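Please examine the sequence and the model before reading on.

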Amino acid sequence: MLLNTFSMMARAAESGTMPCRIIKVIDGDTLQCELEPPLWGPYRVLLVRVAGIDTPETRKPPARCVKEVRLGKIAKAEMQRRVKYRSVVHIAWKGEREKYGRVLARVTLADGKDWATEMIRLGMARAYTSPNLKKSNWCH
């Protein structure tokens, strides 16, 4: 059942996007959302890591300095301003998960803008295209 749900979700995302209702913005590059029917199954609620960006951490550790925590809280607040509780975003997920088990997906905001592109444009994120890359140092 679990594999069937994940493969169904992956096929749906490959063919377009899946609507996901915001439950919580965790930080500038992570959100928790609830899939819209009929894709519920056992993974109705997803923890999504926004693909393509790195934002500052909001707690120390893992943040390296107080400046990073401050920047992380600003990035989180910006996303909370843009995606209200219970608003719908669309996720494009190809079945990939990152090292902490979060769904790694492109996220499109309700206004049609790409979450990652917007955060980079605002200077609140840096491009992060591979888990083999060293994460940004926000302390300089």
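## Strands, core and pocket

Valine 48 stands opposite valine 103 in β6. The model is a predicted one, in which local features need pLDDT of at least 70 and side-chain atom pairs count only at pLDDT 80 or more, while totals for chains, interfaces and linings use all residues. Residues are numbered from 1 along each chain as its sequence is written, and side-chain values use heavy atoms, with hydrogens and water left out.

Five strands form a closed barrel in the order β1-β2-β3-β6-β5, with mixed pairing. On average, neighbouring strands of this sheet are turned by 55° against each other, direction ignored; axes are lines fitted to C-alpha atoms. Strands (E, at least two residues) and helices (H or I, at least four) are DSSP runs, numbered from the N terminus. Two strands count as paired if DSSP finds at least two bridges between them. Strands of a sheet pair through backbone hydrogen bonds, either parallel or antiparallel.

| Strands | Sense | Bridges | Residues opposite each other |
|---|---|---|---|
| β1 (residues 18-27) and β2 (residues 30-35) | antiparallel | six | Valine 25 and leucine 31 |
| β3 (residues 45-50) and β6 | parallel | three | Valine 48 and valine 103 |
| β5 (residues 88-92) and β6 | antiparallel | three | Isoleucine 91 and valine 107 |

In a regular strand the side chains alternate between the two faces of the sheet. Strand β6 (residues 103-108) has a covered face with Val103, Ala105 and Val107, and an uncovered face with Leu104, Arg106 and Thr108.

The largest nonpolar core has 26 residues, and those with the most contacts inside it are Leu31, Val48, Ile91, Val107, Trp115 and Met119. Such a core is a set of buried Ala, Val, Leu, Ile, Met, Phe, Trp, Tyr and Cys residues joined through side-chain atoms within 4.5 Å, where buried means under 20% relative accessible area (1.4 Å probe, protein chains only). At least two core residues come from each of β1, β2, β3, α2 (66-82), β5, β6 and α3 (115-121). Strand β1 gives the largest share, four residues.

The largest pocket has a volume of about 690 Å³, the space filled by probe spheres set on its grid points, which are joined across faces, edges and corners. A pocket is an open set of points on a 1 Å grid where a 1.4 Å probe fits, with protein on both sides within 12 Å along at least five of seven lines, and lining residues have an atom within 4 Å of a point. Of the 30 lining residues, Arg49, Glu98, Arg102, Leu104 and Tyr128 are the closest to the centre of the pocket.

Notes
Axes fitted to C-alpha atoms, helices over the stretch in contact; angles between N-to-C directions. Buried < 20%, exposed > 50% of the residue type's maximum accessible area, 1.4 Å probe, protein only.
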